[in-house]
Amino acid sequence: MKNRPPYALGSVDNALLVLHMLRDRGRVQVTDVAGELGIARSTAHRLLAMLVYRDFAVRDEDHTYLPGPFLASAPAIPGGSALRELRARTRPAMESLCARVQETVNLMVRVGTEVRFLDSVEFPRIQHVTDRRGTILPAHLASGGKALLATLSPDELHALYPDLTDRERAALIRELAEIRTSGIALNIEGTERGVSAIGAALRNGRGSAVAALSISVPSARFAADELGTYVDELRHAVAEAERALTHFPG
């Protein structure tokens with residue numbers, strides 16, 4: 001399992017979180033960084049200035065910071081306002097789900113064949129899966145990624161994975177068909193040893209899948225007799241989040 005270093009440097013962690021913001025939003029301002037990280041504007045300005053100095057960011061004439069040469073990933077969602085709105089609308093459901101299951105809850109979106117974790121809510125227990133914000137995983141392995149792939153048509157799926165062998169494609173189609181029926185996807189240590197997850201897609205009022213929620217659990221606690229509880233609680237959270245996403249764009 002990926003654990004937070006025992007002597008973590010807050011300033012380094014903040015700089016890395018700013019890099020995640022730049023990559024996923026495409027543009028940020030000093031006030032965005034200060035508000036997101038809960039730091040003073042002067043501290044946010046110094047962080048951004050150092051990233052500009054090292055070519056991780058560039059500043060335009062409007063004092064907006066954009067990804068620099070070292071950040072090649074495209075924004076997860078066009079426009080930072082859409083990303084902030086998605087997180088704001090789903091956060092209450094995430095926090096409520098985290099409190100009920102006492103495990104880490106994540107929000108993610110699909111970008112091509114990857115999923116990007118936009119937000120996490122951690123439950124403060126000794127052994128837990130840590131904050132996943134900024135993590136990028138293969139969509140066909142992550143629970144939320146599988147749930148989102150299951151919403152695609154066969155043609156869309158083929159366009160995403162044109163190089164799969166017939167056997168690989170058949171296996172993926174079978175798994176996605178099962179997920180499409182149940183609405184629930186599992187990831188049993190498929191992306192990280194010692195970590196298992198259960199995920200489901202989130203749809204807006206027009207039925208478009210816009211994101212996914214997942215519960216990440218240390219595999220030692222991911223017992224078969226607990227799965228039903230996780231499924232029920234995740235479905236409850238999905239219903240709550242989807243009510244908040246009724247008018248969210250696709």
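**Figure 1. Salt bridge between Glu103 and Arg221.** In this predicted model, the side chains of Glu103 and Arg221 form a salt bridge with an N to O distance of 2.8 Å. The two partners belong to distant parts of the chain, 118 residues apart. Glu103 lies in the loop between H4 and strand S3 (104–111), whereas Arg221 lies in the loop between strand S8 (209–218) and helix H8 (224–244). Glu103 counts as buried because its relative accessibility is 1%, under the 20% limit.

**Figure 2. Salt bridge between Arg25 and Glu36.** The closest N and O atoms of Glu36 and Arg25 are 3.1 Å apart, and the two residues form a salt bridge. This pair also links distant parts of the chain: Arg25 is in helix H1 and Glu36 in helix H2, 11 residues apart. Arg25 is buried, with a relative accessible area of 5%, whereas Glu36 is partly exposed at 26% relative accessibility.

Figure 3. The side chains of Asp131 and Arg133 meet in a salt bridge at 2.9 Å, N to O. Asp131 has a relative accessible area of 24% and is therefore partly exposed; Arg133, at 26% relative accessibility, also counts as partly exposed. Through salt bridges that share partners, Asp131 and Arg133 belong to one network with Arg25, Glu36, Arg87, Arg91, Glu95 and Asp119. The whole structure holds 15 salt bridges.

**Figure 4. The largest cavity and its lining.** One cavity of 30 Å³ or more is found in the structure. The largest cavity has a volume of about 130 Å³, and 13 residues line it. His20, Met21, Asp24, Arg87 and Leu118 are the lining residues closest to its centre. At least two lining residues come from each of H1, helix H2 (30–37), helix H4 (80–101) and strand S4 (114–121). H1 contributes the most, with five residues. By class, the lining of the largest cavity comprises six nonpolar, two polar and five charged residues.

**Figure 5. Nonpolar surface patch of Leu9, Val12 and Leu16.** Together, Leu9, Val12 and Leu16 expose about 270 Å² of accessible area as a nonpolar patch on the surface. Leu16 is located in helix H1 (residues 10–25), the element that gives the most to the lining of the largest cavity. With a relative accessibility of 44%, Leu16 counts as partly exposed.

Key:
Residues numbered from 1 in each chain as written. Predicted model: local features only at pLDDT ≥ 70, side-chain atom pairs only at ≥ 80, totals over all residues. Heavy atoms only, no water. Patch = residues over 30% accessible without salt bridge, like charges linked within 9 Å, V, L, I, M, F, W, Y side chains within 5 Å. Areas by Shrake-Rupley, 256 points an atom, 1.4 Å probe, with all protein chains shown as cover. Salt bridge = Lys/Arg side-chain N within 4 Å of Asp/Glu carboxyl O. Helix = DSSP H or I, 4+ residues; strand = E, 2+ residues; numbered from the N terminus. Buried < 20%, exposed > 50% of the residue type's maximum accessible area, 1.4 Å probe, protein only. 1 Å grid on protein atoms, 1.4 Å probe; cavity = no way out; pocket = protein on both sides within 12 Å on 5 of 7 lines; lining within 4 Å. Points joined across faces, edges and corners; volume = space filled by probe spheres on them. Nonpolar A, V, L, I, M, F, W, Y, C, P; charged D, E, K, R; others polar.
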